[in-house]
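Subject: Structure handover and notes

Dear colleague,

I am passing the structure below to you, together with some notes on what was found in it. Please read the notes with the coordinates open beside them.

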Amino acid sequence: MMREMDFVDEYYADKDLSLLKKLTLVIPTYNRNYYLSRCLWYHAHFPFGEIIVANSSPEEKMVMNRETVAKIREKFEANVRHLECEPETEKYGGDIYRKWRDAVQHMETEYSQICTDRDVKVPTSQIKAIIFLDEHEDYI
């Protein structure tokens, strides 16, 4: 079933976004279901190699995030993985590095980028970064 185009699709309709297949977007999250759903809705418009949600929320929020990921997968036919991580242990978000590390161990693309659940990345800028890294292997 083909989904109806929206303003994000229309804005990027004439852009070649195929290089995003080389990129895994890692989204660490904890107890912020609204932000995660908004973030996933936006990023699922684009052909990333994969989007990994690294979730360390308590069970009731974890269930909501699982459902959100399933809905996004279905609606956008996006390659989104929900990775359940250990509960938070550090004050002030120190666990974000552990979640990113865990997620990167599961990725299969050439590049990865962290994206908090409140971020919105600009895919054309990500493509410019991929082109730069492809041309300058010494930066990898």
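This is a predicted model: local features need pLDDT of at least 70, side-chain atom pairs count only at pLDDT 80 or more; totals for chains, interfaces and linings use all residues.

Residues are numbered from 1 along each chain as its sequence is written, and side-chain values use heavy atoms, with hydrogens and water left out.

N33 belongs to helix α2, which covers residues 33–43; helices (H or I, at least four residues) and strands (E, at least two) are DSSP runs, numbered from the N terminus. With a relative accessibility of 10%, N33 counts as buried, given that buried means under 20% relative accessible area, exposed over 50%, and partly exposed in between (1.4 Å probe, protein chains only). The side chain of N33 also makes a polar contact with the side chain of N65, at 2.7 Å. Such a contact is a pair of N or O atoms within 3.5 Å; within protein, one must be able to donate a hydrogen and the other to accept it, and residues adjacent in sequence count only if both atoms are side-chain atoms.

Turning to the nonpolar cores, each is a set of buried Ala, Val, Leu, Ile, Met, Phe, Trp, Tyr and Cys residues joined through side-chain atoms within 4.5 Å. The largest holds 25 residues, and those that touch the most other members are L20, I27, L40, F46, F48, I51 and V80. At least two residues of this core come from each of β1 (23–29), α2, β2 (50–55), α3 (59–76) and α5 (123–135), and the largest share, 4 residues, is that of α2. Leaving aside neighbours within four places in sequence, L20 is in contact with F46, P47, F48, G49, P123, Q126, I127 and I130.

As for the cysteines, the structure holds 0 disulfides, a disulfide being a pair of cysteine sulfur atoms within 2.5 Å. C85 is buried, with a relative accessible area of 11%, and its sulfur is 15 Å from the closest cysteine sulfur, in C39, which is too far for a bond. C115 is likewise in no disulfide, the nearest cysteine sulfur, that of C39, being 4.0 Å away; C115 is buried, with a relative accessible area of 0%.

Finally, a search of the whole structure finds 10 salt bridges, each a side-chain nitrogen of Lys or Arg within 4 Å of a carboxyl oxygen of Asp or Glu. One of them joins the side chains of R66 and E59 (3.3 Å, N to O), where R66 is partly exposed at 30% relative accessible area and E59 is partly exposed at 49%. R66 also forms a salt bridge with E84, the closest N and O atoms being 2.6 Å apart. That pair links distant parts of the chain, 18 residues apart, with E84 in strand β3 (residues 80–84) and R66 in helix α3.

With best regards

Methods:
Contact means heavy atoms within 4.5 Å.
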